[in-house]
Amino acid sequence: MVDAFRMHIMQTKELGTCPVRQIGGCSFFYMRISNVYIVIVVSSNANVACAFKFVVEAVALFKSYFGGSFDEDAIRNNFVLIYELLDEIMDFGYPQNLSPEILKLYITQEGVRSPFSSKPLDRPVPNATLQVTGAVGWRREGLVYKKNEVFLDIVESVNLLMSSKGSVLRCDVTGKVLMKCFLSGMPDLKLGLNDKIGLEKESQLKSRPTKSGKTIELDDVTFHQCVNLTRFNSEKTVSFVPPDGEFELMKYRITEGVNLPFRVLPTIKELGRTRMEVNVKVKSVFGAKMFALGVVIKIPVPKQTAKASFQVTSGRAKYNPSIDSLVWKIKKFPGQTESTLSAEVELISTIAEKKSWTRPPIQMEFQVPMFTASGLRVRFLKVWEKSGYNTVEWVRYITKAGSYEIRC
């Protein structure tokens, strides 16, 4: 199998085209991490997504043992440990427990760490059997904090393709709920969002009509393993016993009712063979009390551009020949305001016949704190623990640009 992979995949030009290849009666799933290829070989119709997820989790596990590095030297130095870990994380082709915190409870051998590793050693904790076999394998007992705090971030990425006249051709939002928990004991958390299904279910259980206000429909929701799916299916509330520290609670996607943070109206005129006029108007659509940070607008220009002169109402602009774009940067963009850029672009006149310029789309980068493009809001975050301690909850919203493109 090793020879087949080396001859038919590594030594061909098709290496980077597809991570799944079939040779004979076998399928090869492979991934390159630093200078190492990780290859999974199957002879049946296996779940490819599960296989790649297993590889990613396994590499994260190895890194936690090797002090953050995973390369050829780390593998040579930790050969025996890798065999021992593989014996635990997969049985008969089925993935098992890949949590570093739990595996370190009973595989206590420390890996040979890279001399450049700055990651501190994780100390193993007792009571391994309970965590491996119990229902709450992602959290150990006996945690104590002087101050009990929960941090919740809703981070969204807006993907947009807009026409030059301002009409939306394609739009969706991908979001994730990130949490950081510093809670004592074994707390039970309940999270309420303004999603349509959850609010309707709550009104049915309480036998009263839903309150007026914006509700949103979440698509393609995936949860962390700590979420009680039985309760979610019956009550439509997200209840869970959280892992200690930082983790991703859920991911979602929204395709309807997206609030676009910015509208961009470009006008590009080609004046003969040696000049162009570029006018771009950017309007922030979010609330007047909010603001966007790190706004970058990249306006494409032809390769034969010689120089450009600018007039901007805010921020700074310059021509970047390495990416064939005019780059306009605004550090802070207040809500419900407009900014404009006017540029005169001089082109190098060529004797060769001029090819028509394809006009790639304008690209935009930004971050808008305390704003969600989907309209998702946290209605409540309740923490219950048998000792009855008080907690401090922090909630933050951030919207970023994913693929935010405007045709010109």
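Val168 is partly exposed, its relative accessible area being 40%, where buried means under 20%, exposed over 50% and partly exposed in between, computed with a 1.4 Å probe on protein chains only. The model is predicted, so that local features need pLDDT of at least 70 and side-chain atom pairs count only at pLDDT 80 or more, while totals for chains, interfaces and linings use all residues. Residues are numbered from 1 along each chain as its sequence is written, and side-chain values use heavy atoms, with hydrogens and water left out.

Val168 belongs to strand 7 (residues 168-182), strands being DSSP runs of E with at least two residues, numbered from the N terminus. Leaving aside neighbours within four places in sequence, Val168 is in contact (heavy atoms within 4.5 Å) with Leu160, Leu161, Met162 and Leu260; the C-alpha atoms of Val168 and Leu260, 92 residues apart along the chain, are separated by 9.8 Å.

## Asp153 in strand 6

Asp153, which lies in strand 6, counts as buried at 16% relative accessibility. The side chain of Asp153 makes a polar contact with that of Arg396 at 2.6 Å, and, not counting residues up to four places away in sequence, Asp153 also touches Lys176, Val177 and Leu178, among others. A polar contact is a pair of N or O atoms within 3.5 Å; within protein, one must be able to donate a hydrogen and the other to accept it, and residues adjacent in sequence count only if both atoms are side-chain atoms.

## Contacts of Met179

Leaving aside neighbours within four places in sequence, the residues in contact with Met179 include Val150, Phe151, Leu152, Phe240, Leu249 and Leu381.

Conventions
Helices (H or I, at least four residues) and strands (E, at least two) are DSSP runs, numbered from the N terminus.
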